[in-house]
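Please keep the sequence and the model in view while going through the numbered points.

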Amino acid sequence: MPRSGFERRLVRIPAGCEHAYDDSEWRDELVIVVCGTLELEGLSGRRWEFQRGAILWLQDLPLRALHNPGEQTAVLMMVSRPMNSQPPDRLI
């Protein structure tokens, strides 16, 4: 079976827990909420909630943490290009 040309990884956030935001963890990845509920907390304290099926881009956002306000483990699946095909970092 041929490979899709993409890499995949999972992050699990237990019910009632949070996952500190680190921009480098989400570089060049689409994030899909596979199970549960994900709540993003901005640096301002404002929160946004996303349910199963949501597709997000978390790179370069002013976030503090990712929360799971639900009663089941939230599962996030990240899909990215293989390391050898990712674009070089932009020069600013």
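Which residues are linked in a network of salt bridges? The points below lead to the reply, and it should be kept in mind that the model is predicted.

1. Overall architecture. The protein chain contains 8 strands and 0 helices. Its pattern along the sequence is accordingly written β-β-β-β-β-β-β-β.

2. Contacts across the sequence. Among contacts in the protein chain with a separation of 6 or more, 69% are between residues 24 or more positions apart.

3. Surface and interior. Buried residues make up 34% of the 92 residues in the protein chain.

4. The nonpolar core. The largest nonpolar core comprises 16 residues, and those with the most contacts inside it include Ile-13, Trp-26, Val-31 and Leu-58. Two or more residues each are given to this core by β1 (7-13), β3 (29-35), β4 (37-42), β7 (63-67) and β8 (74-80). The largest share, 3 residues, belongs to β8.

5. Leu-58 within the core. Leu-58 is one of the residues with the most contacts inside the core. Leaving aside residues up to four places away in sequence, Leu-58 touches Tyr-21, Asp-23, Trp-26, Val-31, Leu-40, Leu-63 and Leu-66.

6. Salt bridges in general. Side chains of opposite charge can pair when their charged atoms come close. In this structure there are 8 salt bridges. One of them joins Arg-27 to Asp-23, with a distance of 3.6 Å from N to O. Arg-27 is partly exposed, because its relative accessibility is 37%, a value between the limits of 20% and 50%.

7. Arg-47 and its partners. Arg-47 forms a salt bridge with Glu-39, where the closest N and O atoms are 2.7 Å apart. Arg-47 also forms a salt bridge with Glu-41, and here the closest N and O atoms are 3.5 Å apart. Is Arg-47 buried or partly exposed? Arg-47 counts as partly exposed, because its relative accessibility is 40%. Glu-39 is buried, with a relative accessible area of 13%, and Glu-41 is buried as well, at 10%.

8. Reply to the opening question. The salt-bridge network links Glu-18, Glu-39, Glu-41, Arg-47 and Arg-64. Within it, Arg-47 pairs with Glu-39 and with Glu-41.

Conventions:
Residues numbered from 1 in each chain as written. Predicted model: local features only at pLDDT ≥ 70, side-chain atom pairs only at ≥ 80, totals over all residues. Heavy atoms only, no water. Core = buried A, V, L, I, M, F, W, Y, C linked by side-chain atoms within 4.5 Å. Buried < 20%, exposed > 50% of the residue type's maximum accessible area, 1.4 Å probe, protein only. Helix = DSSP H or I, 4+ residues; strand = E, 2+ residues; numbered from the N terminus. Contact = heavy atoms within 4.5 Å. Salt bridge = Lys/Arg side-chain N within 4 Å of Asp/Glu carboxyl O.
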